[in-house]
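Reader: I am new to this structure and would like to learn how to read its features one at a time. Could you show me the sequence and the model, and then take me through them?

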Amino acid sequence: SDFAKKSGEQAKTTLGAVKTQKTIGESNAQAHINKANDDARKEKEKADREAEEKKSEKKKESGGFFGWIADKASALINALKDALNFIFKKLREAVKAIFEFAKKLVLTALEFARKAIVGLLKGFAVLIKGFLDVALAAFPDIRDKLKAKIDNFVAKAEKLVNQAFEVFKKAVTAIIDFLASAVDALLGALQAIYNFILDAINFI
């Protein structure tokens, strides 16, 4: 009886301790579960926040649909600008080549004319000296003096012709170079205006 009483009390104490430990265990487990859920929620919120930030950055970079349109328009304008500058570059090179070719043609024509005039002078002198050889065969001293004067005259005339043509060639060269420079400057100004317009449109 006394043993039974003590055994019952011990059983109650043991069951109470077990129940207490069970409650503590359940509380600790629930605390861990709550912490895990809280950590998971925080991680999800962090991930969502980072995703929104990334999305916002992408929208800011692209500007959305209108930003995409603006980027395409800007790329098109830059392509047009590159094409325009390429065309003007080739056009200016072509104009320069045309004027250089024209200058060579003019200088070649002038040189041909100079040689033709000098050739005529010398040919006429040879003709006259041949006539003197026949007409003044009996007067060699007079003939030789006249022929020397003719040679002297031809030499001076040739020098004058050469000097005149040299001045003329320099003048023609200066005129052609001036025209080439003026046309190139005009094309350069037009190119700058078109580039300014395209840059202004791109800026808008």
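This is a predicted model: local features need pLDDT of at least 70, side-chain atom pairs count only at pLDDT 80 or more; totals for chains, interfaces and linings use all residues.

Reader: What percentage of the residues of the protein chain count as buried, and what does its accessible surface come to?

Author: Of its 204 residues, 14% count as buried. Accessible areas come from the Shrake-Rupley method with a 1.4 Å probe, and for residues only the protein chains shown count as cover; the accessible surface of the protein chain comes to about 15,900 Å², and 68% of that belongs to carbon and sulfur atoms.

Reader: What share of the contacts between residues at least 6 apart in sequence join residues at least 24 apart?

Author: A contact means heavy atoms within 4.5 Å. Among contacts in the protein chain between residues at least 6 apart in sequence, the share that joins residues at least 24 apart is 79%.

Reader: How many aromatic pairs does a search of the whole structure find?

Author: Rings of Phe, Tyr and Trp (its six-membered ring) pair if their centres lie within 6.5 Å, and planes under 30 degrees apart count as stacked, over 60 as edge-to-face and the rest as tilted. The search of the whole structure finds 1 aromatic pair. The ring centres of phenylalanine 88 and tyrosine 194 are 6.0 Å apart with planes at 40°, so this pair is tilted. The pair links distant parts of the chain, since phenylalanine 88 lies in helix H2 (residues 64-135) and tyrosine 194 in helix H3, 106 residues apart.

Reader: Is tyrosine 194 buried, partly exposed or exposed, and which residues form the nonpolar patch on the surface?

Author: Tyrosine 194, in helix H3 (residues 140-203), is partly exposed because its relative accessible area is 41%. Patches are made of residues with over 30% relative accessible area and no salt bridge, like charges being joined within 9 Å and nonpolar side chains (Val, Leu, Ile, Met, Phe, Trp, Tyr) within 5 Å. Here Leu186, Leu190, Ile193, Tyr194, Phe196, Ile197 and Ile201 form a nonpolar patch on the surface, and together they have about 690 Å² of accessible area.

Reader: How many salt bridges does a search of the whole structure find?

Author: Side chains of opposite charge can pair when their charged atoms come close. A salt bridge is a side-chain nitrogen of Lys or Arg within 4 Å of a carboxyl oxygen of Asp or Glu, and the search of the whole structure finds 13 salt bridges. One of them joins lysine 90 and glutamate 93, whose closest N and O atoms are 3.8 Å apart; these two residues are 3 residues apart in helix H2, and so are separated by about one helical turn. Lysine 90 is partly exposed at 39%, and glutamate 93 is partly exposed at 38%.

Reader: Which glutamate forms a salt bridge with lysine 169?

Author: Lysine 169 pairs with glutamate 111, the closest N and O atoms being 3.3 Å apart. This pair links distant parts of the chain, with lysine 169 in helix H3 and glutamate 111 in helix H2, 58 residues apart. Lysine 169 counts as buried at 18% relative accessibility, whereas glutamate 111 is partly exposed at 23%.

Reader: Where do aspartate 133 and arginine 143 lie?

Author: The side chains of aspartate 133 and arginine 143 meet in a salt bridge (3.8 Å, N to O). Aspartate 133 lies in helix H2 and arginine 143 in helix H3, so the pair ties together parts that are 10 residues apart in sequence. Salt bridges that share partners also join Glu111, Arg114, Glu166 and Lys169 into one network.

Terms used: Residues are numbered from 1 along each chain as its sequence is written. Side-chain values use heavy atoms; hydrogens and water are left out. Helices (H or I, at least four residues) and strands (E, at least two) are DSSP runs, numbered from the N terminus. Buried means under 20% relative accessible area, exposed over 50%, partly exposed in between (1.4 Å probe, protein chains only).
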